[in-house]
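These are my notebook entries on a single structure. I set down what I looked up, entry by entry.

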Amino acid sequence: MDKILDKTGMKGTGRWTIQEAAERSIAAGTMAAALDARYMSGLKEERVAASKVLTGPSDMPRVDKAQLVNDVRQALYAAKICSYAQGMNLIREAGKQLGWAINLGECARIWKGGCIIRAKVRAASAAGL
């Protein structure tokens, strides 16, 4: 954990995706939330300054660590599924609007093979996650 920088970089792909979704009137809430989180991550200095002024709760509830880890794993898996569905919906709609013959099955295969998403949903599904 000491080697992980609490700040992320951006190449623009997420922003372009959300812009395209807006242009095509396609809901992409999960991907938009992920982009917002990335923007917040880029504000490291502001977050550090705010942490000196703002305080969180003093009493933290006890949690079952194993259950929490499982819940987070399941939430991540659900978010991935939502992102895939939103992305496929965007591609399908763009194809309709532009008159392209899009093979969504082939898109899924390409994503699984290692595009920017580097999908592992099928492997996670097979593992029961």
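How are H1 and H2 oriented to each other? I noted first that the model is predicted. I then looked up the two axes: helix H1 (residues 13–23) and helix H2 (residues 29–41) come within 10 Å and cross at roughly 140°. Angles over 145 degrees would count as roughly antiparallel. H1 and H2 are therefore recorded as oblique to each other.

Is Ser25 buried or exposed? With a relative accessible area of 67%, Ser25 is exposed.

**Entry: salt bridges**

How many salt bridges does the structure hold? I find two. As background, side chains of opposite charge can pair when their charged atoms come close.

In one of them, the side chain of Arg24 meets that of Glu20, with 2.5 Å from N to O. I looked up the accessibility of both partners. Arg24 has 16% relative accessibility and so counts as buried, since the cut-off is under 20%. Glu20, at 31% relative accessibility, counts as partly exposed.

I then turned to the salt bridge between the side chains of Arg109 and Glu106, where the N to O distance is 2.6 Å. What separates Arg109 and Glu106 along helix H5 (residues 104–114)? They are three residues apart in that helix, so about one helical turn lies between them. Arg109 is exposed, because its relative accessible area is 51% and the cut-off for exposed is over 50%. Glu106 has 34% relative accessibility and therefore counts as partly exposed.

**Entry: a nonpolar surface patch**

Which residues make the nonpolar surface patch of about 270 Å²? I list Val63, Leu68 and Val72. I followed up Leu68, which I place in helix H4 (residues 65–98). Leu68 has a relative accessibility of 43%, so I class this residue as partly exposed.

Conventions. Residues are numbered from 1 along each chain as its sequence is written. This is a predicted model: local features need pLDDT of at least 70, side-chain atom pairs count only at pLDDT 80 or more; totals for chains, interfaces and linings use all residues. Side-chain values use heavy atoms; hydrogens and water are left out. Patches are made of residues with over 30% relative accessible area and no salt bridge: like charges are joined within 9 Å, nonpolar side chains (Val, Leu, Ile, Met, Phe, Trp, Tyr) within 5 Å. Accessible areas come from the Shrake-Rupley method with a 1.4 Å probe; for residues, only the protein chains shown count as cover. A salt bridge is a side-chain nitrogen of Lys or Arg within 4 Å of a carboxyl oxygen of Asp or Glu. Helices (H or I, at least four residues) and strands (E, at least two) are DSSP runs, numbered from the N terminus. Buried means under 20% relative accessible area, exposed over 50%, partly exposed in between (1.4 Å probe, protein chains only). Axes are lines fitted to C-alpha atoms, for helices over the stretch in contact, and angles run from 0 to 180 degrees between N-to-C directions. Angles under 35 degrees count as roughly parallel, over 145 as roughly antiparallel, 65 to 115 as roughly perpendicular and the rest as oblique.
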